[in-house]
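This report goes through the overall dimensions, the strand pairing and the pocket of the model shown below.

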Amino acid sequence: MKGPARADSTLLSVRVTPRSALTEVVGWQGSTLCVRVTAVPIDEAANRAVLDLLARAFGVPRSTASLVRGAHGRQKLIRIA
């Protein structure tokens with residue numbers, strides 16, 4: 001879902017490391033959340049893995065997590081509604 005931020009959503013700056021041994025939230029580095037996923041960055045697999053991981057970490061349905069920017073890079077902007 002793209003568009004202006006809604007009052008009931010949060011935007012997260014996320015740094016992704018694909019092809020990792022574990023899928024995990026590493027922690028904060030400044031204002032950026034660092035995560036690792038085992039998925040490879042082919043056919044959007046890593047992006048789906050990141051959204052699944054963050055939805056589980058925040059305890060929200062997967063449908064509330066969406067990629068706003070950074071589909072082809074390690075630095076992403078994720079919206080959690």
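The radius of gyration of the protein chain, taken over C-alpha atoms, is 12 Å, which agrees with the value near 12 Å for a compact globule of 81 residues; the globule rule is 2.2 Å times the number of residues to the power 0.38. The C-alpha trace spans about 35 × 25 × 20 Å along its principal axes. Buried residues (under 20% relative accessible area, 1.4 Å probe, protein chains only) make up 36% of the 81 residues.

This is a predicted model, in which local features need pLDDT of at least 70 and side-chain atom pairs count only at pLDDT 80 or more, while totals for chains, interfaces and linings use all residues. Residues are numbered from 1 along each chain as its sequence is written, and side-chain values use heavy atoms, with hydrogens and water left out.

The chain has 1 helix and 5 strands, in the order β-β-β-α-β-β from the N terminus. Helices (H or I, at least four residues) and strands (E, at least two) are DSSP runs.

Strands β4 (residues 65–69) and β5 (residues 75–80) run antiparallel and are joined by 4 bridges; pairing requires at least two DSSP bridges. Leu 67 stands opposite Ile 78 in β5. In the hairpin, 5 residues lie between the strands, and Gly 70 in the turn has a positive phi of about 100°.

The lining of the largest pocket divides as follows.

| Class | Lining residues |
|---|---|
| Nonpolar | 7 residues |
| Polar (Gly among them) | 3 residues |

Notes
Buried means under 20% relative accessible area, exposed over 50%, partly exposed in between (1.4 Å probe, protein chains only).
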